[in-house]
Amino acid sequence: MSATVSFPVPTPHGPRDVTVSYARVGRGEPLVLLHGIGHHRQAWDPVVDILATERDVIAVDLPGFGASPALPDGLAYDLPTTHTVLGSLFEALELDRPHVAGNSLGGLLALELGREKLVRSVTALSPAGFWTEAERRYAFTVLLTMRGIAQRLPLPLVERLARTAAGRTALTSTIYARPGRRSPEAVVAETLALVGAAGFEATLRAGSTVRFADALPGLPVTVAWGTRDRILVRRQGVRAKQLIPHARLVRLPGCGHCPMNDDPALIARVILDGSR
């Protein structure tokens, strides 16, 4: 079920209402899914039905991405603001310390929510924040290039490219190891989401100094990395394990930066196992 919810978030100039779009399906313990920068909640579509057999799944469009409006004036796209917004979202949806899984930016946000004790477990797929400065600059350059290309492509051309496996590869091979598996409709929709992401540049600016460095004691943590991740290289997973020694580090063979599409059964199993 797709829906929106609005709720107040404190700012230095008084509370501001934030609106978030989300989809909710399934039954069981609550599990919140957070996408990466420039993406939208439909990134999780390949795994949602599997997860929903055992979890109450809430897939969220982060503010300024997907169908969620941009943050109001007075709220920044930085980590403190975002985990405040997500904490307020949990309250609005009456979620008491849900499990959370995130990809890329969403993985970093999931870990931040764990640091703030707002969730009961974290599964982070290729999370941001474990990079060296050179790796961060490389990733940001790739992301900005992807957005620039998407902004310049006329919609009819995107639709034509999406009809063929070769065209879908041209459009999405940076994030998927198996881009031919993505449906034409999904490729068009996520290209439009990348173009329309109001929070893209501000989120990148806020992320330029981010490094995750908390061991998250007492919290179940899974960090998983695709062996064919072309944006955040997999050695960052080893770095994450060193910083969070008790975390379960999972290798995702043949998967790219957004592994949910590359191997849905494997990713669903990793998330379910990590949210017991």
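Helices here are DSSP runs of H or I with at least four residues, numbered from the N terminus. In this predicted model, R147 is found in helix α4. The residue R147 is buried, with a relative accessible area of 8%, because buried means under 20%. Apart from neighbours within four places in sequence, R147 is in contact with L194, V195, G196, A197, F200 and E201.

The aromatic rings come next. A pair of aromatic rings is described by the distance of the centres and the angle of the planes. The count comes to two aromatic pairs in this model. F130 and F212 form a tilted pair, at 5.8 Å centre to centre with 55 degrees between the planes. F130 lies in the loop between β6 (121-125) and α4 (133-152), while F212 lies in the loop between α8 (200-207) and β7 (221-226), so the pair ties together parts that are 82 residues apart in sequence. F130 is buried, with a relative accessible area of 2%, and F212 is buried as well, with a value of 3%.

The other aromatic pair is formed by W131 and F140. Their ring centres are 5.5 Å apart and their planes are at 85 degrees, which makes the pair edge-to-face, since over 60 degrees counts as edge-to-face. Both W131 and F140 are buried. The ring of F140 also has a charged residue over its face: R136 lies there, at 4.7 Å from the ring centre.

Conventions. Residues numbered from 1 in each chain as written. Predicted model: local features only at pLDDT ≥ 70, side-chain atom pairs only at ≥ 80, totals over all residues. Heavy atoms only, no water. Phe/Tyr/Trp six-rings, centres within 6.5 Å; stacked < 30°, edge-to-face > 60°. Helix = DSSP H or I, 4+ residues; strand = E, 2+ residues; numbered from the N terminus. Buried < 20%, exposed > 50% of the residue type's maximum accessible area, 1.4 Å probe, protein only. Lys NZ or Arg CZ within 6 Å of the ring centre and 35° of its normal. Contact = heavy atoms within 4.5 Å.
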